[in-house]
Amino acid sequence: MGVGTTLLRQLGDLKRLRDARGPGSLADRAFVRGWRRLVQGADFERIALEETARALVATRLAGVDGSVLRRAGLDRAEALEVLERAFDAALEVGGPELGDTEDLRAVLPQLVDDAEDDRDRVPPFVLALVDQPRAGATHPSTPRIIVEPPESHGDHCFVTAVYSALIAPRHGVARGDAFVVAMAHHLPNGDLPDAGYAGEVLLGEHYLRILDALEQRSLEQLPAELAGRLRTLLPQRETAETPVGRVFNAADVLDRVLQVHHHARAAAFTASQALEDLDIVHPGTVQTYQLGVLADAGLGIR
């Protein structure tokens, strides 16, 4: 498949990173921004390269992007140097089969003056997908397992799109086509609340008809040219016999399973890990004092 799971996990964490500049996670906001650019007619490949490069930088800098750096007084060259440093650090865990990423690195200068998402200039289904929680693992014969907080469909679609863009060249697929298929693969859920696998089974013979009807409702909210391209691309994801389908289905299953791993890791997290492995009491001039405070309070390392 060609991308180390360490990097994929870190990209998946964009679903859980937030800052004060807007609602939702960084992934949700990137999903909105990506759709705004698609509706405006931007080139698929350009969107994929810039959003994937921006996501890689965010695995290290979170919400610190080009616009923040410029606002803080860095000139363009200084801001670009920071973005390049973060990009290179992210790729260090990408695995030897990540392949050529020079096309991704080459767009970093375009991210120095970073664009914000604009929630007033996207179709209604986009914001619905940001608000629509994912069901997680469900089965028709068992009660639902509730995990908090749930990811949104915007989270899932954006991260799957980034995975797809990274995987695409190894399958001979354009990064742009792979990215956009993943961005659009949950169009029906703009109207359809997610009941997961349990819902698919229990809706039975009605399920595919419901999906098709609601996908068309979302497509009708798009400019005709974009809707037409999606009507050509999206059916290719339904099989692993097409290159686009292989890319999409690899990215989709990786994101779904890594999300389950995230909840398992979160449930198993301990205070000792924070203290001993993650240095939550950071090394520095006051570390000894702070460790003493914790020891006196009975909260130190045992």
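Trainee: What does the secondary structure come to?
Mentor: The protein has 15 helices and zero strands. Helices (H or I, at least four residues) and strands (E, at least two) are DSSP runs, numbered from the N terminus. The radius of gyration is 21 Å, close to the 19 Å that the globule rule gives for 302 residues, so the protein is as compact as a globular protein of that length. That radius is taken over C-alpha atoms, and the globule rule is 2.2 Å times the number of residues to the power 0.38.

Trainee: What kind of model is this?
Mentor: It is a predicted model, in which local features need pLDDT of at least 70 and side-chain atom pairs count only at pLDDT 80 or more, while totals for chains, interfaces and linings use all residues. Residues are numbered from 1 along each chain as its sequence is written, and side-chain values use heavy atoms, with hydrogens and water left out.

Trainee: How much of the protein is buried?
Mentor: Of the 302 residues, 45% count as buried. Buried means under 20% relative accessible area, exposed over 50%, and partly exposed in between (1.4 Å probe, protein chains only).

Trainee: Why is helix H9 described as largely enclosed?

Mentor: Eight of the nine residues of H9 (residues 175-183) are buried, so the rest of the structure largely encloses this helix. Among the buried ones are Arg175, Phe179 and Met183.

Trainee: And which helices do they pack against?

Mentor: The buried residues of H9 pack against helices including H2 (26-39), H3 (44-61) and H13 (243-268). Contact means heavy atoms within 4.5 Å.

Trainee: Which residues touch the most other members of the largest nonpolar core?
Mentor: Of its 72 residues, these are Phe31, Trp35, Leu56, Phe158, Phe179 and Leu230. A nonpolar core is a set of buried Ala, Val, Leu, Ile, Met, Phe, Trp, Tyr and Cys residues joined through side-chain atoms within 4.5 Å.

Trainee: Turning to Gln259, is that residue buried or exposed?
Mentor: Gln259 counts as buried, at 8% relative accessibility. This residue lies in helix H13 and, not counting residues up to four places away in sequence, touches Lys15, Arg16 and Glu151.

Trainee: What about Leu294; where is it found?
Mentor: Leu294 is in helix H15 (residues 287-296). At 21% relative accessibility, Leu294 counts as partly exposed. Its C-alpha atom is separated by 43 Å from that of Val253, 41 residues apart along the chain.
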